[in-house]
Amino acid sequence: MTEKKLIGVDLGGTTIKFAILTNKGEIQQKWSIETNILSDGQLIIPDIIDSINHHIKMYDMNIDQFDGIGLGSPGTIDHERGTIKGAFNLNWTDEVYPVRDIQKGTGLPVVIENDANVAALGERWQGAGNNADDVVFVTLGTGVGGGIIANGKLIQGQNGAAGEIGHVTVDPNGFMCTCGKRGCLETIASATGIVRVARDRASEYAGSSELKAMLDDGQDISAKDVFDLAKKDDDLALIVADYVCDSLGFVLGNIANTLNPKYIVIGGGVSAAGEFLLNKVDKAMRANEFATIKDSTELRLASLGNGAGVIGAASLIKVD
Ligand SMILES: [Zn+2]
C-alpha cells in the first residue's frame, strides 16, 4: 500500500494557508486563500471545505489518498468536542464546530489544535526542534504565544490552554495586558510590547540617542527599528533591547528549570533580530538556570518561518 498524504491548514486572521505533505513531512503542494471574517466569520469553515475539495478535484486526486486534515486555529480548543471558542480575530463570537463540519464537508477525518501549538509541532518535526522529545517553542509576534512538547507529547492542559508563555508574569506592577493581568511577558517581548517599553524608557531618558530623537519627533517606530538601532549601539535602543531580552531570558530560564527541554526555540517576527537577540536572551536565560539545566537545554532560533503552521497542523493527523 502506498503511504497516504496529509493536509495541513493554518487558519490566520488574514489568510488561510493549506499544504499537502507526505507522511515524512515534505511539502508537495501549497496554496492559500484570504480569510473572510465578514458575517461573524461564518464563511470561514465553508471556504476551507470548498478550497480543499476544489484542490483535490483540480489535481485529479481523491480522498482515499489522504489520512486526513490537521487544522491550526486561533482560540481555545475543546479537544473532546472538536470545537473552538474565543477566536475573536476571526469574529467568531460563538463556539464553532470545525471537526464535525469539515469532516462532513470533505469526507476526511479532522484534528484541530491551537495555532501556537501547531507552530511548535511544526518546528519540532521539521525545524529547529530536530524531532526531539522535549521542545519548548515561543513565538514573538503581535502577541507572545507558546507551545510545549514534553516526553514526545504536546501538553494541552486541562482546558487546552497550556503553554501560554506570553502570560507568564514578569513584573506584577508592570504594563496592563490584554488578558487583564499586569506585567505579562507579552506586554514586554511582543512587537507591540517592545514599542511600549521604548516609549516608556524614552520618557525618562535624557542622553543622546537616535531612537529618542525619532520618538520625540513623533515618528512611528517598530520593534525592528529598536533592534536595528541597538545593533548600532544606540544607547536608548540598547536599554530597551536589554530589558526585553532579560525579561524573555528570565521566563525561559525558569521554564527550562521546570521542564529541562532539549531545545527552546524562538520564532515569530521579532526573532528576525537573529543572533543579536538570541545571544542576549541566552545570557539572561543561563543566569536564571540551575546548573545541570545549563548543560542540557539549548536556545535556538526557529527555522521554518511562517511555514511552521501548516507542517505542524499536518502532523496532527500523521499516523506513525
Ligand atoms: Zn497577559
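Donors, in what follows, are N, O and S atoms within 2.8 Å of the metal (3.2 Å for Na, K and Ca), and water is not among the atoms, so sites may look incomplete. Along the chain, the donors of the zinc ion follow the spacing H-x9-C-x1-C-x4-C. The model is a predicted one, in which local features need pLDDT of at least 70 and side-chain atom pairs count only at pLDDT 80 or more, while totals for chains, interfaces and linings use all residues. Residues are numbered from 1 along each chain as its sequence is written, and side-chain values use heavy atoms, with hydrogens and water left out.

Back to the zinc ion: His-167 (ND1), Cys-177 (SG), Cys-179 (SG) and Cys-184 (SG) coordinate it at 2.0 to 2.4 Å. For comparison, ideal angles are 109.5 degrees for four tetrahedral donors. As for burial, buried means under 20% relative accessible area, exposed over 50%, and partly exposed in between (1.4 Å probe, protein chains only). Cys-177 is buried at 8%, whereas His-167 is partly exposed at 22%.

Next comes a buried charge. Glu-123 is found in helix H3 (residues 115-126); helices (H or I, at least four residues) and strands (E, at least two) are DSSP runs, numbered from the N terminus. Glu-123 is buried yet has no salt bridge, a salt bridge being a side-chain nitrogen of Lys or Arg within 4 Å of a carboxyl oxygen of Asp or Glu. The nearest side chain of opposite charge, Arg-300, is 8.0 Å away; here Lys and Arg count as positive and Asp and Glu as negative, with His and the chain ends not counted. What the side chain of Glu-123 does reach is the backbone nitrogen of Leu-304, at 2.8 Å. Leaving aside neighbours within four places in sequence, Glu-123 is in contact (heavy atoms within 4.5 Å) with residues including Phe-137, Val-265, Leu-304 and Ala-308.

Ala-308 is also one of the buried residues of helix H11. That helix, residues 308-315, is mostly covered, with eight of its eight residues buried. The buried residues of H11 pack against H3 as well as strands S1 (5-11), S2 (15-21), S3 (27-34) and S4 (66-73).

Salt bridges turn up elsewhere, and the structure holds 11 of them. Glu-95 pairs with Arg-81, their closest N and O atoms being 2.8 Å apart. Glu-95 lies in the loop between strand S6 (83-85) and helix H2 (98-106) and Arg-81 in the loop between strand S5 (76-78) and S6, so this pair ties together parts 14 residues apart in sequence. Another salt bridge joins Arg-286 to Asp-282 (3.2 Å, N to O). Both of these residues lie in helix H9 (residues 274-287), four residues apart, about one turn of the helix. Salt bridges that share partners also link Asp-78, Arg-81 and Glu-95 into one network.

Finally, a word on backbone angles. Most residues other than glycine have a negative phi. Asp-60, though, has a positive phi near 55°, and sits in the loop between helix H1 (44-58) and S4. Asn-131 likewise has a positive phi, of about 60°, in the loop between H3 and strand S8 (135-140). Asp-60 is exposed at 73% relative accessible area, while Asn-131 is partly exposed at 43%.

Key: A polar contact is a pair of N or O atoms within 3.5 Å; within protein, one must be able to donate a hydrogen and the other to accept it, and residues adjacent in sequence count only if both atoms are side-chain atoms.
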